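Please look first at the sequence and the 3D structure below, and keep both at hand while reading.

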Amino acid sequence: MRILTYATARRAAAAAAALVLEHLAENPRLVLGLPTGNTPIPMYGALVRAYEQGRADFSKATTFNLDEFVGIGRGDRGSYREFMNAVLFDHVNLPAARAHMPDGRAKDWRREIDRYEERIVRAGGLDLAVLGVGGNGHLGFNEPGPALHAHTHRVALCAETRRANAYLFGGRWQDVPTHALSMGIGTMLTAAHVVLLATGANKARVVARAVTGPVTTRLPASLLQVHPDVVVVLDRDAAGGLPPRRR
Ligand code: GLP
C-alpha cells in the first residue's frame, strides 16, 4: 500500500481528486467506483471545479456507486442517489444513464443485486475504485463479521453505521433505513486500482488497523492489504495511529 499523507483534509481530498483526474485523462472511458460519506465531499468539489475549468471530461466515463439504502432512492431525503446528485452528478457531464447505483427501491432486491453485479461485469469491472472507510472498518456497507460477501448483496446495517449516517436524515438515526444494498468486497478488490481516502482523527485507529493489522473480515478495510495497487490518501489526523515510518 502506498500511503500519502497531507497536512489537511482539504489537501488530502484534492490529492484523491487529482488521482481520479489522472486516471480519467489516461482513459476517458474510465469505469469508476464511487463512495459516499462526509469524507469525499471535498474530493467531489475538486472534481466539479476541474470540470468547470475544462480540466475534466466525464462524457465517456461510467460510475458505479458502492451502495444505497433499501427502500429509498431518487427524490428521497437521505438517499445516496440524492447525495451523489448534489455533490457530483448534477454538476458534471457524466451521462445520467452511466451513473449507476443499486436501486434501493427495487421491488425484488434479489434481482436487483444480480442486475447490479452484471452491469459491473458488462462494463468490464472497475478500473478505479475510490473508497472511504467507516469507523468500524466497513467498505461500502460491507460490515465487519465472520464472513464477507464477494458480490453485490443486501446487508443489515449495524447500529454504529446507522448512527454514523444519521446526518443524512436530519440527525435521527432511527430514520436511517435498517438495510442497504452494497457492492461486495470481491468486486472492489478486482478493481485495477484502488484509492482509499480517510481524514480526521476519528479515523486514525481504523486506518492504523487496516494498514498494519492482520487481514480479517472483522475489519473489512484490512482486506485491501492483499490488493496489488492501493493508494491510501490521508490527512495528518487520520495518519496519527500509523507508525512514523509509514506516515
Ligand atoms: C457510509 C458509506 C461508506 C463510507 C462511510 C464513511 O457508511 N456507506 O461507503 O465510507 O460512510 O463515511 P464518512 O466519510 O462520513 O466517515
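An oxygen atom of the ligand lies 3.3 Å from an N or O atom in the side chain of N165, a polar contact in the sense used here, namely a pair of N or O atoms within 3.5 Å (within protein, one must be able to donate a hydrogen and the other to accept it, and residues adjacent in sequence count only if both atoms are side-chain atoms). This is a predicted model, in which local features need pLDDT of at least 70 and side-chain atom pairs count only at pLDDT 80 or more, while totals for chains, interfaces and linings use all residues. Residues are numbered from 1 along each chain as its sequence is written, and side-chain values use heavy atoms, with hydrogens and water left out.

How many residues surround the ligand? There are 13, the closest being N38, T39, D67, H138 and K203, where near means that a heavy atom of the residue lies within 4 Å. By class, this shell has three nonpolar, eight polar and two charged residues (Ala, Val, Leu, Ile, Met, Phe, Trp, Tyr, Cys and Pro count as nonpolar, Asp, Glu, Lys and Arg as charged, and the others, Gly among them, as polar).

The space taken by the ligand is the largest pocket, a pocket being an open set of points on a 1 Å grid over the protein atoms alone, where a 1.4 Å probe fits, with protein on both sides within 12 Å along at least five of seven lines, and lining residues having an atom within 4 Å of a point. A molecule sits in a pocket if more than half of its atoms lie within 2 Å of its grid points. The largest pocket holds about 540 Å³ of space, and among its 27 lining residues G37, V133, G134, H138 and K203 are the closest to its centre.

The second largest pocket has a volume of about 200 Å³, and of its 16 lining residues R74, R81, M101, P102 and D103 lie nearest its centre. This lining has six nonpolar, three polar and seven charged residues.

Notes
Grid points are joined across faces, edges and corners, and a volume is the space filled by probe spheres set on the points.
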